[in-house]
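Dear colleague,

Please find below the structure that I am handing over to you.

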Amino acid sequence: MSITATESSIEAPAETTIAATAAKDGGSAARQTFLPLILDVAVPMGSYYLLKSGFGMSTMAALGWSSVVPAMRTAWGVVRERTFNGLAALILFVNLVGLLLGLVAGDPRLMLAKDSGVSSVVGIGILVSVMLGKPMMTAGLKPFITKGDAAKTAAWERLLSGSERFRKFERTFSLVWGVALFGECLARIVGAYTLPIDTMVWLGTVVMVATIALAMVVSGGLAAGPMGKMLEDELADQSR
């Protein structure tokens, strides 16, 4: 057997293992990405129509019961962390208060509007963090750009401490998300009180998904993309 053939026989299983690992990681990432979407969006919306049309529940009751899964997921997140997670606790508080207010007032539109309360609270929190000089969205942006690479992480820290342009992009990223989420809140509140309830149940989800997609595109173009380019340039300069 030739040396080339021997090398090929050794490399092939390794490549297969790498491909299998990548596929496994990709599947895990896909589950982590879509599972919250299914539980927080598809289940509540589907259960609303099932309870209302299939079991003949009132609009109020159907809206109330369809909020149980998101509320339980939020509560479980707080318990599982075993630390005080301010954002998770705030979202749980908004959900519970909105549900109680809707039940007391007997107004199904209020229960639809309360869903936008989470977006408004998070959006305002992000905007305040930008004004305080500690952009909240950096916690998610940094690992996305550096990908856990030590050299990229070090370059990030150098740019963050020494480049005002880099810090401006960092603030812009959070600013885009804060404005987008707050705008989504206003749009859903208007829809909750002007459109038919059955329409707003699914349209609210469309508005939310469209807002997230738009924020991703805009924040990527205005901030994440330029920051990634600056990071690559910084690494290139260091290697010279």
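**Findings around helix α9**

Glu234 belongs to helix α9, which spans residues 197–239; helices (H or I, at least four residues) are DSSP runs numbered from the N terminus. The model is a predicted one, in which local features need pLDDT of at least 70 and side-chain atom pairs count only at pLDDT 80 or more, while totals for chains, interfaces and linings use all residues. Residues are numbered from 1 along each chain as its sequence is written, and side-chain values use heavy atoms, with hydrogens and water left out.

Glu234 has a relative accessible area of 15% and is therefore buried (buried means under 20% relative accessible area, exposed over 50%, partly exposed in between, with a 1.4 Å probe and protein chains only). Its side chain makes a polar contact of 2.8 Å with the side chain of Arg158. Such a contact is a pair of N or O atoms within 3.5 Å; within protein, one must be able to donate a hydrogen and the other to accept it, and residues adjacent in sequence count only if both atoms are side-chain atoms. When neighbours within four places in sequence are set aside, Glu234 is in contact with Ala155, Arg158 and Leu159, where contact means heavy atoms within 4.5 Å.

Glu232 also lies in helix α9. Its relative accessibility is 41%, so Glu232 counts as partly exposed. Between Glu232 and Lys152 there are 8.1 Å in space, C-alpha to C-alpha, although the two are 80 residues apart in sequence.

The buried residues of helix α6 (residues 138–146) are Thr138, Leu141, Ile145 and Thr146. Viewed down the axis of α6, these buried residues fall within an arc of 105 degrees, so they line one face of the helix; the arc is that of the directions from the helix axis to the C-beta atoms. The exposed residues Ala139 and Phe144 sit on the face of α6 turned away from its buried side. Among the elements that cover the buried residues of α6 are α7 (150–162), α8 and α9.

Lys147 is found in the loop between α6 and α7. With a relative accessible area of 60%, Lys147 is exposed. Its phi is near 55 degrees, a positive value in a residue other than glycine. Most residues other than glycine have a negative phi.

With kind regards

How values were computed:
Helices (H or I, at least four residues) and strands (E, at least two) are DSSP runs, numbered from the N terminus.
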